[in-house]
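Q: I'm new to this one and would like to learn how to read it. Can we go through it together?

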Amino acid sequence: MRLTLWLLGAARAFVADDDDVIVLEAESLIASHTSSRNSEVIHAGLYYATGSLKARHCVAGRRMLYEYCASHGVTVNRCGKLVVAHEDEAGGLEAIMQRAQDNGVEGLSLIDGDAARAIEPALHPDIKRAIHSMVSGIFDSHGYFLALQGELEDCGGTIAFETPVIKGRVLSDGVEIITGGVTPSKIKAAHVINAAGHNSIALASAIEGEHLATLPV
């Protein structure tokens, strides 16, 4: 099971509730696949449909991420973002602005092309208007991973590296997991979170149980 940013966060939440938590990691280090190749952008929440889960969680999650990074020494750059438009695209820009405001995104302003070029001189002269999002930014995702790992381990959680999940089965009182790797083992858990990224369907298929009937094909 590959360790993802989401799994680290979930494991941290579980261990904070005094649960015994073991993260099974197929690799020899954290976040060595998709998580380590993300854009490191902190999105403001401009584009998602108002009222959708994506809109709600993007806005709330962005605020929480800034707070977490500040309290755990993770490097952040609130560099802001420009969404630019030519003259004939102004209507679309206003629609994005309205949706973002409806989503509760703060720190927005609609500016003209000259003001946008004052922020980013490389913008083309044909750019006439722009949305300036002051709460968009970038962060050190690897520093974030390490902060989550440290917090998990400080609270008594464990990461078992080089421990791929081979198969398992759902029991009446939990889930039995069989692992391979350096030290093959059998683990019984009350709850299992499958966060194997692109391999999640294959992993779920390797665990016997009624859930198999609901898996995508």
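Q: Is arginine 129 buried, partly exposed or exposed?
A: Keep in mind that this is a predicted model. For this kind of call, look at relative accessible area: under 20% is buried and over 50% is exposed. Arginine 129 has 25%, so it is partly exposed.

Q: Which side chain does arginine 129 meet in a salt bridge?
A: To find a salt bridge, look for a side-chain nitrogen of Lys or Arg within 4 Å of a carboxyl oxygen of Asp or Glu. Here the partner of arginine 129 is glutamate 94, at 2.8 Å from N to O. Arginine 129 sits in strand β6 and glutamate 94 in helix α3, so the pair ties together parts 35 residues apart in sequence. Glutamate 94 is partly exposed too, with a relative accessible area of 40%.

Q: Which residues of α3 are buried?
A: They are Ala90, Leu93, Ile96, Met97 and Ala100. These residues cover an arc of only 115° around the axis, which puts them on the same side of α3. They pack against β4, β5 and β6.

Q: What span should helix α3 have?
A: Count 1.5 Å a residue: the 13 residues of α3 should span 18 Å, and the end C-alpha atoms are 18 Å apart, which agrees.

Q: How many salt bridges does the structure hold?
A: There are 6. One of them pairs arginine 62 with glutamate 106, with the closest N and O atoms 2.7 Å apart. Arginine 62 lies in helix α2 and glutamate 106 in the loop between α3 and β5, so this pair links parts 44 residues apart in sequence. Arginine 62 is buried, at 4% relative accessible area, while glutamate 106 is partly exposed at 30%.

Key: Residues are numbered from 1 along each chain as its sequence is written. This is a predicted model: local features need pLDDT of at least 70, side-chain atom pairs count only at pLDDT 80 or more; totals for chains, interfaces and linings use all residues. Side-chain values use heavy atoms; hydrogens and water are left out. Helices (H or I, at least four residues) and strands (E, at least two) are DSSP runs, numbered from the N terminus. The expected span of a helix is 1.5 Å times one less than its number of residues. Buried means under 20% relative accessible area, exposed over 50%, partly exposed in between (1.4 Å probe, protein chains only). The arc is that of the directions from the helix axis to the C-beta atoms. Contact means heavy atoms within 4.5 Å.
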